Amino acid sequence: IESLEQRLRPLHRAVEPDVPLPESIEILHCVAGATHVGVPIENVERVVGIARLSPANDAQPWLRGLLDIRGEMIPVIDVGMRVGQPARVVELGDLIVICTLRGGRIGLWIAAVLGVTQIQTAKLDRTVTELMDAPYLHGVTVVNDHATYLLRNEGLLDVVGPRATEG
């Protein structure tokens with residue numbers, strides 16, 4: 001059933017209306033390995049320290065495991081790997097950003113939070129090659145002199161888009 005659900009996720013997403021972004025949006029600006037990412041602040045529930053993850057059976061390499069929060073198992077994504085960076089080792093001080101989705105919650109494994117920043121969505125670059133088949137990215141923008149991927153949380157678990165090899 002889980003395998004079927006994974007294959008149906010992109011199809012389900014294709015029929016859901018894509019809500020346009022407002023002119024400006026507040027993001028949680030984060031670093032994941034060598035990659036800067038922005039998470040829409042309206043989707044951020046909280047940030048917690050890295051914790052022991054349960055293995056996710058038959059998972060993509062970027063799905064690093066499941067986090068147990070009060071009995072709810074939340075999938076944790078290696079955000080750097082999800083946007084094509086190599087796997088990295090968990091370090092003391094790493095964080096998990098717990099985000100809300102339409103159907104539940106997801107954890108985003110990051111190295112650091114840099115702050116909350118307002119961005120203009122008209123300045124998002126949607127022509128970047130990595131975005132072509134990536135339902136988990138709105139676009140790329142510059143935040144504090146760093147190219148920053150703006151994440152679309154709803155597509156993060158879809159099994160499409162860039163994949164890095166573990167190393």
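This is a predicted model: local features need pLDDT of at least 70, side-chain atom pairs count only at pLDDT 80 or more; totals for chains, interfaces and linings use all residues.
1. Cysteine 99 is buried, with a relative accessible area of 0%, where buried stands for under 20% relative accessible area, exposed for over 50% and partly exposed for what lies in between, with a 1.4 Å probe and protein chains only. Cysteine 30 is likewise buried, at a relative accessible area of 0%. The sulfur of cysteine 99 has its closest cysteine sulfur in cysteine 30, 8.3 Å away, which is too far for a bond; a disulfide is taken here as a pair of cysteine sulfur atoms within 2.5 Å. A search of the whole structure finds zero disulfides.

2. Residues are numbered from 1 along each chain as its sequence is written, and side-chain values use heavy atoms, with hydrogens and water left out.

3. The protein chain contains two helices and ten strands, and along the sequence they follow the pattern α-β-β-β-β-β-α-β-β-β-β-β. Helices (H or I, at least four residues) and strands (E, at least two) are DSSP runs, numbered from the N terminus. Of the 167 residues in the protein chain, 44% are buried. Among contacts between residues at least 6 apart in sequence, 62% join residues at least 24 apart, a contact being heavy atoms within 4.5 Å.

4. Five strands form an open sheet with mixed pairing, in the order 3-6-7-5-4; two strands pair if DSSP finds at least two bridges between them. Strand 3 (44-49) and strand 4 (63-69) stand at the edges with a single partner strand each, so one side of each is left without a neighbour in the sheet. Neighbouring strands of this sheet are turned by 30° against each other on average, direction ignored; the axes are lines fitted to C-alpha atoms, for helices over the stretch in contact, and angles run from 0 to 180 degrees between N-to-C directions.

5. Strand 5 (residues 72-78) pairs with strand 4 in the antiparallel sense over six bridges, and with strand 7 (residues 104-110) in the parallel sense through three bridges. In general, the strands of a sheet pair through backbone hydrogen bonds, either parallel or antiparallel. Strand 4 and strand 5 form a hairpin with two residues between them, and arginine 70 in the turn has a positive phi of about 50°. Aspartate 68 has methionine 73 of strand 5 as its bridge partner, while isoleucine 77 stands opposite leucine 108 in strand 7. Strand 5 is mostly covered, with five of its seven residues buried.

6. Leucine 63 lies in strand 4 and counts as buried at 16% relative accessibility. Leaving aside neighbours within four places in sequence, leucine 63 is in contact with Ala56, Pro75, Val76, Ile77 and Leu157. The C-alpha atoms of leucine 63 and leucine 156 are separated by 9.6 Å, although these residues are 93 residues apart along the chain.

7. The largest nonpolar core has 28 residues, and those with the most contacts inside it are Ile77, Val79, Val97, Ile106, Leu108, Leu137 and Leu151. Such a core is a set of buried Ala, Val, Leu, Ile, Met, Phe, Trp, Tyr and Cys residues joined through side-chain atoms within 4.5 Å. At least two residues of this core come from each of strand 1 (24-32), strand 2 (35-40), helix 2, strand 6, strand 7, strand 9 (137-143) and strand 10 (146-151). Apart from it lies another core, of seven residues, including Leu67, Ile69, Ile96 and Ile98.

8. Arginine 88 is found in the loop between helix 2 (79-82) and strand 6 (95-101), and at 17% relative accessibility this arginine counts as buried. Its side chain makes a polar contact with the side chain of aspartate 94 at 3.3 Å, where a polar contact is a pair of N or O atoms within 3.5 Å; within protein, one must be able to donate a hydrogen and the other to accept it, and residues adjacent in sequence count only if both atoms are side-chain atoms. Beyond its neighbours within four places in sequence, arginine 88 is in contact with Ala32, Gly33, Arg64, Asp78, Asp94, Trp109, Ile110 and Ala111.
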